[in-house]
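Subject: Structure handover

Hi,

Here is the structure I promised you. My notes on it follow below.

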Amino acid sequence: MGLKIMDATVANFNGGFDKFAKEAANNKVNLILFLGDNDPSTNLSWCPAEPVILKKLEEFGEDVMLLRAYAGDRPTWNNPQHPWRVDSRFQVKDVPTLIRWENDSVAARLEDYEAHIVSKISAVLGESK
């Protein structure tokens with residue numbers, strides 16, 4: 001089946017996450033990518049790691065579910081009380097943050113400066129190469 005992508009925003013995250021969690025058993029790997037909103041002028045996230053992550057996931061060749069969680073624009077994300085900063089399940093400190101979700105908890109994570117490094121993405125996926 002390959003890569004399946006779901007999108008969520010801060011406003012609809014809980015419903016999207018519930019659906020993601022219910023489908024988790026059907027996938028080899030379940031990931032959550034917390035990232036910045038798309039810039040209206042480019043339609044790309046202000047997080048430069050997203051294209052690198054997506055390319056690696058497409059090449060992976062296994063069933064992967066990716067929940068892209070858009071954190072808002074920079075001022076919204078920079079609020080210390082942003083819901084994902086204070087959520088004890090995720091403890092997101094930077095965007096992008098890529099989380100491998102297993103058994104209802106965080107099994108692995110990449111944050112900010114390392115989220116675009118292909119070898120580190122491979123490690124989160126459980127690849128040995």
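Strands β6 and β7 (residues 105-111) are antiparallel and joined by 6 bridges. Together β6 and β7 make a hairpin with 2 residues between them. In that turn, Asn103 has a positive phi of about 50 degrees. Strands here are DSSP E runs of at least two residues, helices are H or I runs of at least four, and both are numbered from the N terminus. Two strands count as paired if DSSP finds at least two bridges between them.

Some ground rules. This is a predicted model: local features need pLDDT of at least 70, side-chain atom pairs count only at pLDDT 80 or more, and totals for chains, interfaces and linings use all residues. Residues are numbered from 1 along each chain as its sequence is written, and side-chain values use heavy atoms, with hydrogens and water left out.

The sheet

The sheet is open, has 5 strands and runs in the order β1-β5-β2-β6-β7, with mixed pairing. Its edge strands are β1 and β7, each of which pairs on one side only. From one strand to the next, the twist averages 20 degrees.

Going through the other pairings:
- β1 (residues 3-9) and β5 are parallel, over 7 bridges. Ala8 stands opposite Ala69 in β5.
- β2 and β5 are also parallel, joined by 7 bridges. Leu33 has Arg68 as its bridge partner in β5.
- β2 and β6 are antiparallel, over 4 bridges. Leu31 stands opposite Arg100 in β6.

How covered is strand β5 (residues 64-70)? Mostly: 7 of its 7 residues are buried. Buried means under 20% relative accessible area, exposed means over 50%, and partly exposed is in between (1.4 Å probe, protein chains only). Val64, Leu66, Arg68 and Tyr70 point one way from β5, while Met65, Leu67 and Ala69 point the other way. β6 is mostly covered too, with 5 of its 6 residues buried.

α5 lies across β2, β6 and β7, at about 175 degrees to β7. Contact means heavy atoms within 4.5 Å. Axes are lines fitted to C-alpha atoms, for helices over the stretch in contact, and angles run from 0 to 180 degrees between N-to-C directions.

The core

In soluble globular proteins, nonpolar side chains tend to be buried together. The largest nonpolar core here has 37 residues. A nonpolar core is a set of buried Ala, Val, Leu, Ile, Met, Phe, Trp, Tyr and Cys residues joined through side-chain atoms within 4.5 Å. Which members touch the most others? They are Phe13, Leu31, Ile32, Phe34, Phe90 and Leu98. At least two core residues come from each of β1, α1, β2, α2 (50-60), β5, β6 (97-102) and α5 (118-125).

Leu31 is worth a click. Not counting residues up to four places away in sequence, Leu31 touches several residues, including Phe20, Leu57, Leu66, Leu98 and Val124.

The rings

There are 10 aromatic pairs in the structure. Rings of Phe, Tyr and Trp (its six-membered ring) pair if their centres lie within 6.5 Å; planes under 30 degrees apart are stacked, over 60 edge-to-face, and the rest tilted. Phe13 and Phe34 form a tilted pair, 6.1 Å centre to centre and 40 degrees between the planes. This pair links distant parts of the chain: Phe13 in α1 (residues 13-23) and Phe34 in β2 (residues 29-35), 21 residues apart. Phe13 and Phe34 are both buried.

Phe17 and Phe20 are tilted as well, at 5.9 Å and 35 degrees. They are about one helical turn apart, because 3 residues separate them in α1. Phe17 is buried at 6% relative accessible area, and Phe20 at 0%. Ring pairs join Phe13, Phe17, Phe20, Phe34, Trp84, Phe90 and Trp101 into a cluster.

Two arginines sit over rings. Arg89 lies over the face of Phe17, 4.9 Å from the ring centre. The charged end of Arg85 is over the ring of Trp77, 4.0 Å from its centre. The cut-offs: NZ of Lys or CZ of Arg within 6 Å of the ring centre and within 35 degrees of the ring normal.

Best wishes
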